[in-house]
Amino acid sequence: MSKTILTVDDSPSVRGMVAFTLKGAGYTVVEAGDGADGLAKARTQSFSLVLTDQNMPKMDGLTLIKSLRGLPQYRSTPILMLTTEASDAMKTQGRAAGATGWLVKPFDPQKLLEVVRKVIG
């Protein structure tokens with residue numbers, strides 16, 4: 001049974017590239033267009049990993065991570081930030097919110113798969 005990953009990004013092209021990369025490696029992917037949509041999907045389905053952007057309408061990535069960490073089923077689920085934000089201050093905020101790791105866009109598909117395999121197999 002393949003592992004299911006929730007990818008949250010307001011850019012359809014980024015979501016598509018991430019989904020294409022992950023599906024090609026055998027993962028099942030569910031897409032959400034912003035943090036609020038991602039949180040709603042996470043409440044109705046269980047995911048092995050959440051990949052989220054930071055800058056999105058309705059709910060940003062840090063708020064999504066904090067919200068997910070507040071749900072019992074997501075306390076230990078890996079959550080990776082995939083964003084253009086690369087500052088140390090933002091990464092520190094991400095860790096404080098509960099992010100497992102940080103990837104900077106544009107992403108290298110092989111690097112993304114390496115990190116995903118490291119955190120969920």
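I take a residue as buried when its relative accessible area is under 20%. The model I examined is predicted.

**Entry 1: fold.** I looked up the secondary structure and found 5 helices and 5 strands. Read from the N terminus, the order is β-α-β-α-β-α-β-α-β-α. The C-alpha trace spans about 30 × 30 × 25 Å along its principal axes.

Entry 2: Of the contacts with a separation of 6 or more, 63% join residues 24 or more positions apart.

**Entry 3: charges.** I recorded 15 positive and 11 negative side chains, the centres of the two sets lying 8 Å apart. My search of the whole structure returned 5 salt bridges.

**Entry 4: Asp-9 and Lys-105.** This pair forms a salt bridge, with the closest N and O atoms 2.7 Å apart. Asp-9 sits in the loop between strand 1 and helix 1, and Lys-105 in the loop between strand 5 and helix 5, so the bridge ties together parts 96 residues apart in sequence. Lys-105 has 15% relative accessibility and therefore counts as buried; Asp-9, at 3%, is also buried.

**Entry 5: Asp-37 and Lys-41.** I found these side chains meeting in a salt bridge at 3.6 Å, N to O. They lie 4 residues apart in helix 2, about one helical turn. Asp-37 is partly exposed at 27%.

**Entry 6: network.** I traced shared partners and found Asp-9, Asp-53 and Lys-105 joined by salt bridges into one network.

Notes
Residues are numbered from 1 along each chain as its sequence is written. This is a predicted model: local features need pLDDT of at least 70, side-chain atom pairs count only at pLDDT 80 or more; totals for chains, interfaces and linings use all residues. Side-chain values use heavy atoms; hydrogens and water are left out. Helices (H or I, at least four residues) and strands (E, at least two) are DSSP runs, numbered from the N terminus. Contact means heavy atoms within 4.5 Å. Lys and Arg count as positive and Asp and Glu as negative; His and the chain ends are not counted. The place of a charge is taken as NZ of Lys, CZ of Arg, CG of Asp or CD of Glu. A salt bridge is a side-chain nitrogen of Lys or Arg within 4 Å of a carboxyl oxygen of Asp or Glu. Buried means under 20% relative accessible area, exposed over 50%, partly exposed in between (1.4 Å probe, protein chains only).
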